[in-house]
Amino acid sequence: MSRKISMKQAINEALDLEMRRDPTVIVMGEDIVGGTGAQGEDDAWGGVLGVTKGLYAKHGDRLMDTPLSESAYIGAAVGAAACGLRPVAELMFLDFMGVCFDQIFNQAAKFRYMFGGKAETPVVIRGMVGAGFRAAAQHSQMLTPLFTHIPGLKVVCPSNAYDAKGLLIQSIRDNDPVIFCEHKNLYGLECEVPAESYAIPFGEANVLRDGDDVTIVSYGLTVHRAMEAAAALAKDGTEAEVIDLRTLSPIDWDTIVESVERTGRLVVVDEAHPRCNLATDIAAFVGQNAFGALKAGIQMVTAPHTPVPFAPSLEDLYVPSADSIASAVKRTLSPKGASPRIAA
Amino acid sequence: MAQNPFPLGKDELLKAYRTMRTIREFEERLHVDFAKGDIPGFVHLYAGEEACATGIMMHLNDNDRIASTHRGHGHCIAKGVDVHAMMAEIYGRSTGACRGKGGSMHIADLSKGMMGANGILGAGAPLICGAALAAKVRGDRGVGITFVGDGASNQGTFLESLNLAAVWNLPVVFVVENNGYAESTAMEWAVSCDSYVDRATGFGMPGVTVDGTDFFAVYEAAGEIIRRARDGGGPALLECNMVRFYGHFEGDAQTYRAKGELEAIRASRDCLTILSERVIEAGVIGRDELQAIDREVNALIEDATRAAKAAPLPTPDDLLRDVYVAY
Ligand SMILES: Cc1ncc(C[n+]2csc(CCOP(=O)(O)OP(=O)(O)O)c2C)c(N)n1
Ligand SMILES: [Mg+2]
C-alpha cells in the first residue's frame with residue numbers, strides 16, 4: 001500500500017520500522033523525545049521539528065534524550081556501534097558537527113581500516129542540512145563535501161520522501177558509519193511512499209528525467225531546481241537528463257558517465273560552497289574518464305564562496321536557482337569558448 | 001524622600017530599570033511581530049531574564065568583553081548595543097548591527113565589547129577565555145564574561161574553558177543562566193551535579209548561586225566576582241536562577257511545562273515587577289517616574305521597529321562582501 005506522506009513522516013516511519021525489526025536499533029539526540037525530567041507532557045517535542053514525534057510511545061526508552069553534549073553522545077553512539085548496537089544519533093543541525101567531529105572522522109570513520117578490518121561501526125548520524133530556512137550562518141550549511149572527503153564514512157542526501165525512507169532503512173542496516181543529510185526545506189514535501197519496509201541500495205543514482213541534450217547532476221534540494229530548469233528548457237526544445245545522486249559516498253559514477261557519453265554535456269549542481277565540493281569532484285571525474293565524449297566545457301552551479309547570509313533577500317540569492325541552472329545549460333549549448341569564467 | 005537603602009544611587013537605579021524595561025519591551029514586540037509573520041528565522045526571547053544581564057552589565061565598560069548565546073538580545077541591550085541596529089538586524093536590513101548578515105542569533109557589536117550572540121552552544125566560553133587572555137596580556141584590567149544556559153553548561157567547550165581559565169588564572173566570569181530548561185529538557189535531569197557551586201569547586205574556582213530574578217542579588221554577587229577578576233584574583237562562576245517567559249523559540253507550544261507553571265512564574269517571579277516594587281516601596285523612586293520611562297521605552301521600540309521595516313535591504317553585492325579582510 002502506498003500513500004502520500006512528507007519526508008519528515010517518511011524518516012519517522014523508517015526509524016519505526018527498523019526499531020521494530022531489530023532490537024539493537026536505538027535512537028538518541030537532543031529533545032528527540034522532549035520533556036525529559038520536566039513535569040509536563042511526555043514526548044513534548046519529538047525533535048526540534050517533530051521528526052521523531054510519536055516514536056517514544058511505540059518504543060519507549062530505546063529513544064533517548066541526551067544532555068547538550070554532542071562530543072559525548074555522538075561518541076557514545078559510535079562506541080555502542082562498535083560493540084554491537086545500531087545507534088541512530090540525531091545531530092539536530094549537521095552544522096553542530098563542528099563540536100563533535102573528532103568522534104566521527106578520527107574515530108568512527110577509521111576503526112575499520114586502522115584495526116585491520118576487524119571492526120564494524122554501524123552508526124547513523126542524521127541531521128539537517130541546507131539553506132533557505134532563514135537560520136543564518138551556523139544552522140544552514142551544506143557540509144556534504146567535508147563528509148565525502150573522509151574515507152570510511154558513507155554519505156547520503158535524499159531529495160524526497162520515498163528515497164529518504166528507503167535510504168534511511170539501508171543506512172541503519174549498513175555496517176559502516178553513515179552521515180544521513182536531511183534538507184530542512186524538503187521536510188514538508190510529500191510524495192507516494194509505500195507503507196511497507198524497503199531498502200534502497202547505496203551507490204545507485206536515480207535518473208529523474210531522460211534527455212539526450214545535456215546531463216544535469218545534483219542531490220538534495222537542488223534536484224528540484226534542476227527539474228524546474230529542465231522543464232523550462234524543454235519548452236525551448238532542449239531535453240535535459242536529470243540525475244539525482246541520492247548517495248554521495250559511495251557515488252554512482254557509472255550512471256553519470258553513461259549519461260554524459262550520450263549527451264556530451266554536463267552541468268553539476270551543488271548547494272555546497274564552490275571549492276572542493278561534489279560538483280568539482282564529478283567534473284574532475286568526468287573530465288578524466290569521459291573527456292572524449294564532451295562537446296562543451298563542464299558547467300558547475302554552486303552556492304557562492306561565502307557563509308550563508310541571514311537576510312532573506314541575500315539567502316534567496318545564495319542557493320542555486322532554476323534560472324542559474326538553465327543558464328549553465330545554455331552555456332554548454334553555445335559554441336565552445338563562449339562561456340564566461342565563473343569566479344569561485 | 002526616604003533614605004536610599006540600595007547599593008546604587010537613584011540615577012543608577014533608573015538606568016537599571018530602563019535597561020530591563022527596554023529588553024522586555026523589545027522582546028514582547030518581537031513576540032507579537034513574529035506571530036504576525038513579519039520576522040524571519042529563529043528568535044529566542046530573553047523576556048523574564050532581564051535582571052541577570054542588567055545586574056552584571058552594570059559593572060562593565062566597553063573595554064570588557066562578553067560572549068553571548070542564542071538568547072542574546074538581553075545581553076546586547078544591557079551591553080549598550082544600539083536598539084535600532086539590533087531591530088534592523090533581526091529584520092535582515094542593511095542598517096542592522098551586522099548589515100543583515102547575522103540575524104537574531106548573531107548580533108554583535110565589537111565596539112561595545114559584545115562578541116556576538118552565538119548559534120553554537122558553549123562556543124562563547126573558549127572565546128571569552130581568549131578575550132580575557134588578551135586583556136591580561138595588555139594589562140588593561142579588562143574582564144571577560146561568558147553566558148551559558150543550563151543546557152549548554154554540559155558542553156565540553158564550556159567545561160574545558162572552566163579548567164583553562166583556572167589554570168591560566170584568567171579574568172573570566174562564567175555566568176550560568178539557569179532557566180530550568182534546555183529547549184524542552186529539564187535542567188534537573190540533564191545536569192548531573194546538584195549545584196553549579198560544586199561544579200565550580202571541582203574546577204578550582206569559587207561559585208555563587210543567586211536568585212536571577214532579583215536584580216540586587218545579581219548586581220551584588222556579580223560586583224564582587226567581577227572586582228576580584230579585575231584585580232587578578234582569577235575566574236569564578238555565577239549561577240543565576242531565572243525563568244523564561246516565552247517558549248524556547250517563538251512557536252514553541254511548551255507542553256513540557258507543568259499546568260499553570262507559566263502563569264505562576266509570571267505572577268511571582270517577574271524581575272521587573274520585583275525591582276519596581278522594591279524601589280517604590282523604599283520610597284526612592286516614584287511609580288510615575290517608572291511609568292515615564294515605560295513610555296519612553298515604548299516609543300523607542302516603536303521607532304526601532306518602524307525604522308527597521310522601512311530600512312533598505314542588503315544589495316546583491318553584499319552577498320559576496322566581507323568573507324575575508326583581503327583575498
Ligand atoms: C552545539 C549545539 N547543540 C545544539 C544546539 C541547538 N540548541 C539551541 S538552543 C538549545 C537549548 C539551550 O538550552 P540552554 O543552554 O539551557 O539555554 P536556554 O535556551 O534555556 O537559554 C539547543 C539544544 C545548538 N545551537 N548548538
Ligand atoms: Mg536553559
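A residue counts as buried when its relative accessible area is under 20%. By this cut-off, strand 5 of chain A, residues 124–129, is mostly covered in the predicted model. Of its 6 residues, 6 are buried.

Strand 5 of chain A has two pairing partners described here. One is strand 4 of chain A, residues 86–93. These two strands pair in the parallel sense, over 4 bridges. Within this pairing, A:V88 stands opposite A:V124 of strand 5. Another partner is strand 7 of chain A, residues 178–183. It runs parallel to strand 5 and is joined to it by 6 bridges. Here A:M128 has A:E182 as its bridge partner.

Chain B contributes the donors of a metal site. The magnesium ion (ligand 2) is coordinated by B:D150 through OD, B:N179 through OD1 and B:Y181 through O. The distances are 2.0 to 2.1 Å. Along the chain, the donors follow the spacing D-x28-N-x1-Y. B:D150 and B:N179 link distant parts of the chain, 29 residues apart. B:D150 lies in the loop between strand 2 (144–149) and helix 6 (156–167) of chain B. B:N179 lies in the loop between strand 3 (172–178) and strand 4 (181–182) of chain B.

B:D150 has 1% relative accessibility, so it counts as buried. B:N179 also counts as buried, because its relative accessibility is 10%.

Confidence values accompany the prediction. Chain B has a mean pLDDT of 97, and 100% of its residues reach 70 or more. The model scores ipTM 0.96 and pTM 0.97.

Methods
Residues numbered from 1 in each chain as written. Chains lettered and ligands numbered in written order. Predicted model: local features only at pLDDT ≥ 70, side-chain atom pairs only at ≥ 80, totals over all residues. Heavy atoms only, no water. Donors = N, O, S within 2.8 Å, 3.2 Å for Na, K, Ca; no water. Buried < 20%, exposed > 50% of the residue type's maximum accessible area, 1.4 Å probe, protein only. pLDDT = per-residue confidence, 0-100. Pairing = 2+ DSSP bridges.
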